[in-house]
Amino acid sequence: MPILADYIKPPRVLTPAGFVPAGGFSYKVVTGDSWKSLAARSSVAPWDLIRFNYPNLPRDEREAVKEVNWYLQNRVGCTTLTSDFRSYHFNSLDSPGTIYLPNSVIQTEIAKQRIVRILTNSYTAGILFSAGPRLILGSYYLAVAEAVQSGRIAVKLDPSVGHMAYYDYSVPGGTARGQFRVSATTSESLIVHEATHAVFDFLKATIANNQNEAIAYIAQHVYDRRKYGPPKGRYTVSRDPADPVSEMAWQLIFDEASRLAGLAVSQTWIPIEECILLYSMLPVANSYRAKGTTVYTYDGI
Ligand SMILES: [Zn+2]
């Protein structure tokens, strides 16, 4: 049985046969490979790897999937179908069986463009709330995106951060005024969280660490609410038997950030009294104890 007719379609804009993406090296697929496994090995997201190989795919993934199957059949020479007949598996016998993987320069560029896309999408652009006197606007994230695009904020791909991310407000050497450290699997809301620290850097804010973190947590939950709607259930933090006080603080941080994000979305202004519990729990959580309520002034981006 061939691939289901609804799951394959000739490309509307064909990527020419023999196309080699800039910064790509050829790779011969073997049985057991998947876009997901090859993407992970290349520190990029699966769709970024697919679009690296076939840059003219439609933006809509449901449409793009059909064209990807056409390329797999006609260019990679895949013949092994998945059990639902909707896609192909890679196989060592595929002929020519060639795709392209990005070199490290391109991997970093892909990570950079992913950050820019997240900070300029409609979910981020529509962020608008004030926690007490601290106003957070979607347009601030556009300024951060512009700094990433122009290189004033550097992007460092660091697979060891896993789904986390970090914003370093100063970078020794070079010309960058700040730096994001991310992996291919850093979640979108974590990028918004770290970008909120970059927003305070952009504003040259003087701010206490616990308030800075609190507002970053609220912003990340606002992003998730704008993208996915209200949370389906309560997020439960992992147990920490060695440090139950920290565990309790983390649970309250997530509960409160989620509650305050609800207020941010429904009424924009979060009265400062509503923020007190979140502000006071942050220095109690193990990761933030050292910095506590230290006040510092950012130097701009
Ligand atoms: Zn943070």
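# Close-up views of a predicted model

**View 1. Helices H8 and H10 cross within 9 Å of each other.** The axes of helix H8 (209-228) and helix H10 (residues 272-281) come within 9 Å and cross at roughly 110°. Axes here are lines fitted to C-alpha atoms, for helices over the stretch in contact, and angles run from 0 to 180 degrees between N-to-C directions. H8 and H10 are therefore roughly perpendicular to each other (angles of 65 to 115 degrees count as roughly perpendicular, under 35 as roughly parallel, over 145 as roughly antiparallel and the rest as oblique). Asn210, Gln211 and Ala214 of H8 meet Cys275, Leu278 and Tyr279 of H10; two residues are in contact if their C-beta atoms, placed from the backbone, lie within 7 Å. The crossing is right-handed, a term used if the near helix is turned clockwise from the far one by less than a right angle, with anticlockwise giving left-handed. Helices (H or I, at least four residues) and strands (E, at least two) are DSSP runs, numbered from the N terminus.

The model is predicted: local features need pLDDT of at least 70, side-chain atom pairs count only at pLDDT 80 or more, and totals for chains, interfaces and linings use all residues. Residue numbers start from 1 along each chain as its sequence is written.

**View 2. Helix H10 has three buried residues, Cys275, Leu278 and Met281.** A residue is buried if 20 or more other C-beta atoms lie within 10 Å of its own, exposed if 12 or fewer, and partly exposed in between, with C-beta atoms placed from the backbone. The buried residues of H10 are Cys275, Leu278 and Met281. They cover an arc of only 120° around the axis, which puts them on the same side of H10; the arc is that of the directions from the helix axis to the C-beta atoms. Their packing partners are strand E5 (128-131), H8, helix H9 (244-267) and strand E11 (269-270).

View 3. Ala249 lies in H9 and counts as buried because it has 22 C-beta neighbours inside 10 Å. Ala249 and Met281 are 32 residues apart in sequence, yet their C-alpha atoms are 5.3 Å apart in space.

**View 4. Strands E6, E5 and E11 form an open sheet.** The order of the 3 strands is E6-E5-E11, and the pairing is mixed. Strands pair if DSSP finds at least two bridges between them. Strand E6 (134-137) and E11 are the edge strands, each pairing on one side only. E5 and E11 run parallel and are joined by 2 bridges; Ala131 has Ile270 of E11 as its bridge partner.

**View 5. A second open sheet has the strand order E7-E9-E8.** This sheet has 3 strands and mixed pairing. Strand E7 (153-157) and strand E8 (165-168) stand at the edges with a single partner strand each, so one side of each has no neighbour in the sheet. On average, neighbouring strands are turned by 15° against each other, direction ignored. E7 and strand E9 (residues 178-182) pair in the parallel sense over 5 bridges, and Val155 has Phe180 of E9 as its bridge partner. Helix H4 (residues 104-120) packs on the sheet, touching E7 and E9, and its direction makes about 125° with that of E7. Helix H7 lies across E7, E8 and E9, running at about 10° to E8.

**View 6. Helix H7 packs against helix H8.** H7 (residues 188-202) and H8 pack at an angle of about 140°, with their axes 8 Å apart. That makes H7 oblique to H8. The contact residues include Leu190, Val192 and Phe200 of H7 and Ile215, Ala219 and Tyr223 of H8. H7 passes H8 in a right-handed crossing.

**View 7. Backbone details at Pro96, Ser43 and Thr268.** Most residues other than glycine have a negative phi, and most peptide bonds are trans. A cis peptide bond, with omega about 5°, joins Ser95 and Pro96; Pro96 is in the loop between strand E3 (88-89) and strand E4 (98-102). Ser43 has a positive phi, near 55°, and is found in the loop between helix H1 (35-41) and helix H2 (46-53). Ser43 counts as buried, with 21 C-beta neighbours inside 10 Å. Phi of Thr268 is also positive, near 65°. Thr268 is in the loop between H9 and E11 and counts as exposed, with 11 C-beta neighbours inside 10 Å.
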